[in-house]
Amino acid sequence: MADITSNTGANFVPTEPRPAPAAIRPGPMTWLKENLFNTWYNAILTLVGIWVLASIIPGLIDWFVLNALWEAAPADACREITGACGAFVYEKWRFILFGTYPFEQQWRPGAAVILFIGLVVLSCFKPMWNRSLLVIWPIGLAACWILLSGGIFGLDHVPNNLWGGLPITLMLAVLGCLIAFPISIFLALGRRSNMPIIKAFCVGYIELIRGVPLITILFMASVMFPLFMPEGVTIDKLLRAQVAIIMFAAAYLAEVVRGGLQAIPKGQYEAADAMGLSYWQSMVFIILPQALKITIPPQVNTFIGMFKDTSLVLIVGIFDLMFTMRGAIQDLEWRNYYKEGFVFVAIIYFVFCYSMSKYSQWLESELHRGHKRL
Amino acid sequence: MATTAPAETAASTMGTSEVITMAGVNKWYGDFHVLKDIDFSVKSGERIVVCGPSGSGKSTLIRCINRLEEHQEGNIVVDGIELTDNIKNIDAVRAEVGMVFQHFNLFPHLSVMDNCTLAPIWVKKQPKAEAETTAMKYLERVRIADQAMKYPGQLSGGQQQRVAIARALCMNPKIMLFDEPTSALDPEIVKEVLDTMVDLAKEGMTMICVTHEMGFAKAVADRVIFMDQGEIVEQNEPNAFFDNPQNERTQAFLDQIL
């Protein structure tokens, strides 16, 4: 190197770095012109967009706010207004949230729901990701169960065919996904296994379950399954639906996880092998942490889908949130206010699904912190 | 680069016992005959450089030694253990053989330290503190101890490859395999990795290195092997190999790369 520079007599001196030129912030009129009216077709799209919004929003405001009745009132009061009948929600919210659970005991499902959500939220924080979860979850779930079912601690026993609404939806969805998740990992690993029997079982399971609608599986679980059981043996209907949802979610999640496994470069497997790590060691320490991290978006996609799909359990006579809402509008007095019912339930679903979505975004950036993929 | 006379170092460190023997090894990828009747042995402490055109089977050859690739015919014995389908044998061999890859293959989700201690803790069942002490020792040796808490993605290519060497050394291997360790590096960074490998060679590590760094071969190799189309065409000690190749194919190859 040195002889080359001495030949020419020149020496490389790096130029001092300069700051990037400051971005010019356009004024509002310039911004409008550049972004909304920069071409003739964008101008048309902008005008159409304004027209669509102008024709929807006033109606929504009228219905939701101006002509609405947001207070406890008899159904007759709602007949005199043209907007949303908030009185319906005031009247029926407890039935929608808790279904046919005995009215004066409804603090119990309420407490169970709060406890359950608390459990989930607590598990979302990084400092909690340790063995303490293995203690907290069984205790928390047992407490929820005692609250709902009763029979001890002076709580009246409430059979689970009276349970309904939000506790059912949350239980089916959250427990379904939580239990399906580890199963799906085994299914995904099994599908990539070299062992023919394990591979065949996993491929068969995934393709079979994915190939039929959830409704079919719920029907099988609730109608056909009891036919195969020996006489006198009955398995709780709610449990059967829960198992059906777990089986269904596991098949879908397995394919998501398999996609993640395939995305991990071969070199990672080889490095783990070359160091003498066993199959399970390399999966647990090397492959799965990376594969599960990159599949967070499709996993959450599946979770959100499952959360809403639990509304299908009404087919087999389990009273989830959607079912109790429909039950609420069966009341002759309030039967015209199904719009309010649907909006109320939609808001509940949205809050849960949107929280999941936001949490997954946070989780991605959290797991990404400090290092990037090679 | 340091130019230690190879004869000198060879005499001082090379033992007489053979740690790797390959006899009549054949391997096919589908119909493609990638290794043809390979007979090859390595003595303890010997430093071997394998070169040859791409597709000649040189990577496959060394990957058969720790069973990343399976051979279909012939015998491979590493440190007295024959490589068969027996998983115990494979694991025993892998615990003795360290490998460094062209693309480093560090674990991106683990810190440099965790990359180095994972296998000692879980394969060799070392206590964590002991594994970390060992890891720091080797990280210092490859001059990267100050980066121990960083993640691989935060390091340059040369630093990553030195971590990969330290990671392999943490298992205290008897044999080190290098599969084109400098091919993916910027030209200016190649030297820092080669220097690390030269240091290792001087300490008497048994090394098999697939590389086209002929300066490295001249400096440290006891024997240079030239492969083409799945066969060992020629092998000799480096001076004779480079100055007086016996085979025309070897000559043609050396004309291309030197």
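1. A salt bridge is taken here as a side-chain nitrogen of Lys or Arg within 4 Å of a carboxyl oxygen of Asp or Glu. By that rule, Glu270(A) and Arg63(B) form a salt bridge, with the closest N and O atoms 2.5 Å apart. The count between chain B and chain A is one salt bridge, while over all chains the count comes to 22.

2. On provenance, this is a predicted model, in which local features need pLDDT of at least 70 and side-chain atom pairs count only at pLDDT 80 or more, whereas totals for chains, interfaces and linings use all residues; side-chain values use heavy atoms, with hydrogens and water left out. Residues are numbered from 1 along each chain as its sequence is written, and chains are lettered from A, with ligands numbered from 1, in the order in which they are written.

3. The contact (heavy atoms within 4.5 Å) involves 20 residues from chain A and 27 residues from chain B. The two chains bury about 2200 Å² between them, 65% of it on carbon and sulfur atoms; buried area is the accessible area (1.4 Å probe) that two parts lose on being put together, summed over both. Phe107(B), Pro108(B) and His109(B) supply 26% of the area that chain B buries against chain A, more than any other three residues.

4. Six residue pairs are in polar contact across the interface of chain B and chain A, both residues being at pLDDT 80 or more. A polar contact is a pair of N or O atoms within 3.5 Å; within protein, one must be able to donate a hydrogen and the other to accept it, and residues adjacent in sequence count only if both atoms are side-chain atoms. On the side of chain B that touches chain A, helix H3 (87–96), strand E6 (97–100), helix H4 (112–122) and helix H6 (157–169) each supply at least two residues. H4(B) gives the most, with four residues. Helices (H or I, at least four residues) and strands (E, at least two) are DSSP runs, numbered from the N terminus.

5. The second largest pocket holds about 1200 Å³ of space. Of its 28 lining residues, the closest to its centre are Asn194(A), Asp273(A), Tyr279(A), Met283(A) and Ile87(B). On a 1 Å grid over the protein atoms alone, a pocket is an open set of points with protein on both sides within 12 Å along at least five of seven lines, a cavity is a set where a 1.4 Å probe fits but cannot get out, and lining residues have an atom within 4 Å of a point. Grid points are joined across faces, edges and corners, and a volume is the space filled by probe spheres set on the points.

6. The structure holds four cavities of 30 Å³ or more. The largest cavity has about 90 Å³ of space, and its lining includes Ala271(A), Met275(A), Arg94(B) and Phe101(B). H12 of chain A, together with E6 and H6 of chain B, each supply at least two residues of that lining. The second largest cavity has about 60 Å³, and H7(B) gives the most to its lining, with three residues.

7. Within chain B, the side chains of Glu69(B) and Lys27(B) meet in a salt bridge (3.9 Å, N to O). Glu69(B) lies in the loop between helix H2 (58–65) and strand E4 (73–78), and Lys27(B) in strand E1 (residues 18–29), so the pair ties together parts that are 42 residues apart in sequence.
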